[in-house]
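Open the model in your viewer and keep the selection tool at hand. This tour goes from the whole chain to single residues.

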Amino acid sequence: MTTLAGGPVDLVFDSAPPGVMPELLTTVTDPVHVVTVTDFAALTNLGVRSTDMTMRYDVLGEYAELAAQGSFTIPIAATYPWRTGVSRWP
């Protein structure tokens with residue numbers, strides 16, 4: 001993966017199914033540069049970070065039904081330009 005990026009990357013946002021974390025960790029210089037929303041075991045085992053969001057599995061059925069009806073929307077509060085070559089990591 002670092003070949004595609006031209007070297008180590010600044011940050012990784014992981015939304016892939018659990019199991020790909022070892023490969024993702026090869027793309028960063030420190031595990032804290034990975035934020036996951038799916039691999040919760042990696043939080044304690046590998047030192048990555050989470051978004052600290054609460055997962056609401058109880059509403060998935062309702063949301064799936066709304067999406068099937070074409071009635072599910074997610075408001076977008078803001079958009080940000082994609083900037084390459086700029087690191088904002090503290």
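**Before you start**

This is a predicted model, in which local features need pLDDT of at least 70 and side-chain atom pairs count only at pLDDT 80 or more, while totals for chains, interfaces and linings use all residues. Residues are numbered from 1 along each chain as its sequence is written, and side-chain values use heavy atoms, with hydrogens and water left out.

**Stop 1: the whole chain**

Four helices and three strands make up the secondary structure of the chain. Helices (H or I, at least four residues) and strands (E, at least two) are DSSP runs, numbered from the N terminus. Trace the chain from the N terminus: the order is α-β-α-β-α-β-α. The radius of gyration is 16 Å, well over the 12 Å that the globule rule gives for 90 residues, so the chain is more spread out than a compact globule. That radius is taken over C-alpha atoms, and the globule rule is 2.2 Å times the number of residues to the power 0.38. Along the principal axes, the C-alpha atoms fill a box of roughly 45 × 35 × 25 Å.

Now switch to a surface. The chain exposes about 7,000 Å², and carbon and sulfur atoms supply 59% of that area. Accessible areas come from the Shrake-Rupley method with a 1.4 Å probe; for residues, only the protein chains shown count as cover. Of the 90 residues, 18% count as buried. Buried means under 20% relative accessible area, exposed over 50%, and partly exposed in between (1.4 Å probe, protein chains only).

**Stop 2: Thr36**

Select Thr36, in strand β2 (residues 34–36). Is Thr36 buried or exposed? Thr36 is buried, because its relative accessible area is 0%. Show its side chain next. A polar contact of 2.6 Å links it to the side chain of Asp14. A polar contact is a pair of N or O atoms within 3.5 Å; within protein, one must be able to donate a hydrogen and the other to accept it, and residues adjacent in sequence count only if both atoms are side-chain atoms. A polar atom of the Thr36 side chain also lies 3.0 Å from the backbone nitrogen of Asp39. Not counting residues up to four places away in sequence, Thr36 touches Asp14, Met21, Leu43, Val48, Arg49, Ser50 and Thr51. Contact means heavy atoms within 4.5 Å.

**Stop 3: Leu46**

Move to the loop between α3 (41–45) and β3 (49–50), where Leu46 sits. Leu46 is partly exposed, because its relative accessible area is 37%. Beyond its neighbours within four places in sequence, Leu46 contacts Met21, Leu25, Pro31 and Ala41. Then draw a line from Leu46 to Ala67: the C-alpha atoms are 35 Å apart.

**Stop 4: Pro8**

Select Pro8, in the loop between α1 (2–5) and β1 (12–14). With a relative accessible area of 59%, Pro8 is exposed. Which residues does Pro8 contact, leaving aside its neighbours within four places in sequence? They are Thr2, Thr27 and Thr29.

**Stop 5: Leu66**

End at helix α4 (residues 60–68), which holds Leu66. Leu66 counts as partly exposed, at 27% relative accessibility. Leaving aside neighbours within four places in sequence, Leu66 is in contact with Ser71 and Phe72.
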